[in-house]
Every structure is written in structure tokens, then in C-alpha cells.
Amino acid sequence: PFSTTPGARMYRTGDLVRRKADSQLEYLGRTDFQVKVRGFRIELGEIETALRLHPAVQQALVMARQDSPGDKRLVAYFTTHGQAPDAASLRSFLKEKLPDYMVPSAFMPLDAFPLTPNGKMDRKALPAPDASLLSASVYVAPRTPTEERLASLWAEVLRVERVGRSDDFFALGGHSLLATQVVARIRSAFDVELPLRALFEASTLEQLSLRVEQTGSGAALPPLRPASRDNGPPPLSFAQQRLWFLDQLQPGSPTYNMPTALRLDGMLDVSALERAFSELLRRHEALRTTFGSEAGTPVQLISPPAPFLLPLVDLSSHEDRQAEARRMAQADALHPFSLSTGPLLRVSLLRLAEQQHVLLLNMHHVVS
């Protein structure tokens, strides 16, 4: 009933909502235990099943906790048949069965799970993990000045009280987004340029400190310069390659359109708006880029800057201006882009009245 396409399928999102009196939908939560952590969708039941395979684990429950703003982490609670295994062995056990982003940051042994009056596990009564549980080993204080500075930097980024020289960045709750912050702060604090992969290859404080010292400090980093194009058009970035490949599989799809409609009230200087977009296109090459192929390899084709002409549609005499503006906005949002011919940014202005306009902007995600 929600589609005019024969055989169309609906997707059950698992989101729980309620419709309010004004027809707005209010998000209440999930009907399952799927969560999103660090950009990954994770089914908590998969982690719990893997954890129960450990010979010492009797019961297991995994939660995504956010005990401090913006710091969501996976925490595993478990009961055992006998002596509780340490976090390091559990983490190592799960890494053999799950990808790294699904391995919990903390493991909390319990004598028994808290229960609701109905006899079900009471998730709200589970205790917050102690910061010390995020470490996989006994705390050993940093020994060198480099380790001390790096430990302070890690503690600030990871929001933990202290970091020992044998602590692992990812075991403390680190992930790829925080790793980029660490690399940037190392550059500032030590004047050392480390690749992001260095933190993955040397993830303990001691190992990374050695990397920093071996790379050397004090040498000025080279200035940023525009990339040379003497060798022809530049290749695509990894993100561009992905979207270009998807477009080859399903050309003419509006899936990666990024539409926006802005209502502008008051006197509008259209020529100034055109000049603003001209400058925007001059400054950002990505907005002047299309994608071609050389010897079977996709490349970026960057057009030179040119004056921008803003299409203006006058709806002031239309019988139902608002409805027509909504129709045009929806049609533009669903109109696909051509990555080979462009442009990959579309802008048009709808005039509803002398001091009332709607600005339609739409661009393909490949240039964002």
C-alpha cells in the first residue's frame, strides 16, 4: 500500500516509534538489540553467543553503554562456572570469532544477573564498568618522557583516568575515529608525522612511544602543496571509487542524492547569490569534478572555474505556489546525477513572492 511499484518490498528497520496527534513520529528505541557503535551496526546477540562459547562462561549479556556524553562503548557482563577468566583472555578469545569493532571494551564478571519482578534480566540495573576494567593488564606506570606525554594524550582522548605503558589503545575503547585524533595530537605534541596505520601496528603505549622516538622529533614537517597534475588526471579516492563502482552497477539511481530546500524570507539580491555560488565553485574543485576513464581506470576530470548562472523559476502567479514548490523540490530530490557528464551540484531558485523564495540545493554524495 506504500508503493506504486509492483512487487516492491518494505524494510523492517527495527525502530520503535509512535505517531503523535500532529502526525509527527516520535522515536522510542529499538524492538531488537541492534545498536550502532562507531559507525557500525552491531547485533548484540552475536557477541553474546560468541562469548558463551568460552568454556568458563555460563551466561553473557552485552550492552552499548554511554556513561559519558559521546563515549558509547560495548560492555560485556557474564557469569562463570568457576573462576572468572581475565579480560585479556576473553578479548583474545572473541577476536578469533568476531571483527575488532564487535569486541567489547570492558568485561564485567557478576555473581548473578539482576532480575526484574518477572524474572527477566534487568538491563537497567547492570552496573557501569569501572575504568580499570578497560585495561587488559596490570597497570605499569610510564617510564620515559615520551611515554608520559603520550599517556597524558591518550587519557585525554579516551577519557580515562590513567594509561599504563602496557595498555592497548583499542582495549581502552579506542577506535579509528579516535585514532585520527591521536595521530593529529602526536603531530602537534612531538612534531612527528606518523601514518594512521602506525597506531594499529603498535597499539600499546610502549610500542607507540618507540615508534615516535624512532621516527624522530624536531624536524619541520613539509608544507602542504597542491598535488601535481603533470601525470594527467588524478585517480579517485577510495570513497569516490566505491560510489563510482555503485553507479556503474546501478546507473541513474538517486540513492546518493543530498537534497536541501531553504526558505528565504525578505529582500533577496539574486546577483549576489550567483556570485557567492561562483566563488564556491571556484574554491572547491570537487564541485567541478566529473568522472571519466583512462585505460580502463576511473579518473577525476576537473573543469576550470566558470561564472555560475542561477536558474530562477517564478511561481508567484501559480494557483498553489506552496504545493508547486513542494512538487518541484521532490522532483529535483529524486532526479539522478550523471557522474560522467555532471554537474554534480544543482541549484535553483523558486520565487513565490517578491520577498519569498525557496532555494533548492542538491548534490551527489561523491563530492561531499
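Helices (at least four residues) and strands (at least two) are DSSP runs, numbered from the N terminus. In this predicted model, the protein has nine helices and 13 strands. Let's walk through what else stands out.

**The whole protein**
- Of the 368 residues here, 36% are buried.
- If you take the contacts with a separation of 6 or more, 59% of them join residues 24 or more positions apart.

- Helix H6 covers residues 205–215, and its buried residues are Leu205, Leu208, Ser209 and Val212.
- Look down the axis of H6 and these buried residues fall within an arc of 105°, so they line one face of the helix.

**A patch on the surface**
- Val17, Leu25 and Tyr27 make a nonpolar surface patch of about 310 Å².
- Tyr27 sits in strand E2, which runs over residues 25–30.

- Most residues other than glycine have a negative phi, and most peptide bonds are trans.
- Arg159 isn't a glycine, yet it has a positive phi of about 60°; you'll find Arg159 in the loop between helices H3 and H4, and it is exposed, at 52% relative accessible area.
- Asp191 also isn't a glycine and has a positive phi of about 60°; Asp191 lies in the loop between H4 and H5 and counts as partly exposed, at 28% relative accessibility.
- The peptide bond from Gly342 to Pro343 is cis, with omega near -10°, and Pro343 belongs to the loop between helix H9 and strand E12.

Conventions. Residues numbered from 1 in each chain as written. Predicted model: local features only at pLDDT ≥ 70, side-chain atom pairs only at ≥ 80, totals over all residues. Heavy atoms only, no water. Patch = residues over 30% accessible without salt bridge, like charges linked within 9 Å, V, L, I, M, F, W, Y side chains within 5 Å. Areas by Shrake-Rupley, 256 points an atom, 1.4 Å probe, with all protein chains shown as cover. Salt bridge = Lys/Arg side-chain N within 4 Å of Asp/Glu carboxyl O. Buried < 20%, exposed > 50% of the residue type's maximum accessible area, 1.4 Å probe, protein only. Arc of directions from axis to C-beta. Contact = heavy atoms within 4.5 Å.
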